[in-house]
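Here is a short briefing to read alongside your structure. Take a look at the model first, and then we will walk through a few of its features together.

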Amino acid sequence: MHPFLAQLPHYLTAQRQLNRSPHTLTAYERELRELATLLPETPNPTRQDFQAAFRQLSQRGLHPNSLARALSAWRQYCDYLVQQGSLKSNPVQNIKAPKKPQRLPRAIERDTLNGLLDQPAAADDALALRDQAIAELLYGSGLRLAELASLNVDDVFLDAGWLNVLGKGNKQRQVPLTQSSVAWLRKWLAQRPAQPQETALFTTQHGTRLGSRQIAKRLDQWAQQHGSPQHISPHMLRHSFAGHLLQASRDIRAVQDLLGHASLSSTQIYTKLDFDHLAAVYDEAHPRARRGKK
């Protein structure tokens, strides 16, 4: 066995005691044994040795996720060796994995989504009214699932057309309501079942707060009942809100504020959903691009 892996059996035992799954332990051992083939035969490899090993691994054309997992396994094992006194410091600590490829958000076609939302809900079915109001609110205001689940009746100001939202980091923001959201919320509130002292905006048939998982499940059922050609999640409605609004307004700062993004970079991904428009803007605005037009 490679001298660097002398503590591997003890390390795996320690991980097992932390209730790591057998799959995770197998993956750790595999990554560490692979690492041993890339390191010099020494019990104390240097940071340069690990950097060279990581370069070799990177040259194999592995997916960034695979490289990140390997690096994580190396780092955790070295942390263990530091705790045991076998290493003075973790030589892998500041070695960074390559950035994962950025995935475009999954948005729903505008006509498809509006076709689903325009279908009527049974006026005498309180839960159907609730589910319709939820779908309208997720798409109409771009809320996160957790934000919607935490809404209270006192957060909603229907006459003024806006609501208070508690976002990430306990940051409050005001979000406008569409006319459709206001209309469906009024219908829902007129029939909303609630236990004494229950403050939740969206409740179950027993009058208690509707949880995040229940909201996601009910939304998917709502979509199927309305003939959706695809699965629909709360996250997809938020993405659709952002993409459609940005395509129409071209105001990324306003979309950032509405989404509650702390960083503009989180909002900029939505610009990639509308490349055709960006290309057209470039063709019209850039002096070198216009030169070819007669």
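Tyr 77 is buried, since its relative accessible area is 0%; buried means under 20% relative accessible area, exposed over 50% and partly exposed in between, using a 1.4 Å probe and protein chains only. Please keep in mind that this is a predicted model, where local features need pLDDT of at least 70, side-chain atom pairs count only at pLDDT 80 or more, and totals for chains, interfaces and linings use all residues. Residues are numbered from 1 along each chain as its sequence is written, and side-chain values use heavy atoms, with hydrogens and water left out.

**Aromatic rings**

- Rings of Phe, Tyr and Trp (its six-membered ring) pair if their centres lie within 6.5 Å; planes under 30 degrees apart count as stacked, over 60 as edge-to-face and the rest as tilted.
- By this rule there are nine aromatic pairs.
- Phe 4 and Tyr 77 make an edge-to-face pair, with 5.2 Å centre to centre and 90 degrees between the planes.
- Phe 4 sits in the segment before α1 (8-17) and Tyr 77 in helix α4 (residues 64-84), so this pair ties together parts that are 73 residues apart in sequence; helices are DSSP runs (H or I, at least four residues), numbered from the N terminus.
- Phe 4 counts as buried because its relative accessibility is 2%.
- Phe 50 and Trp 74 form a tilted pair, 6.2 Å centre to centre with 50 degrees between the planes.
- Since Phe 50 lies in helix α3 (residues 47-58) and Trp 74 in helix α4, that pair ties together parts 24 residues apart in sequence.
- Phe 50 is buried at a relative accessible area of 0%, and Trp 74 counts as buried at 1% relative accessibility.
- Ring pairs link a cluster made up of Phe 4, Tyr 11, Tyr 28, Phe 50, Phe 54, Trp 74, Tyr 77 and Tyr 80.

**Helices α6 and α9**

- α6 and helix α9 (residues 212-225) pack with their axes 10 Å apart, at an angle of about 95 degrees; axes are lines fitted to C-alpha atoms over the stretch in contact, and angles run from 0 to 180 degrees between N-to-C directions.
- α6 is therefore roughly perpendicular to α9, a term that covers 65 to 115 degrees.

**Arg 144**

- Arg 144 is found in the loop between α6 (126-141) and α7 (145-149), and at 15% relative accessibility Arg 144 counts as buried.

Technical notes: Helix = DSSP H or I, 4+ residues; strand = E, 2+ residues; numbered from the N terminus. Parallel < 35°, antiparallel > 145°, perpendicular 65-115°, else oblique.
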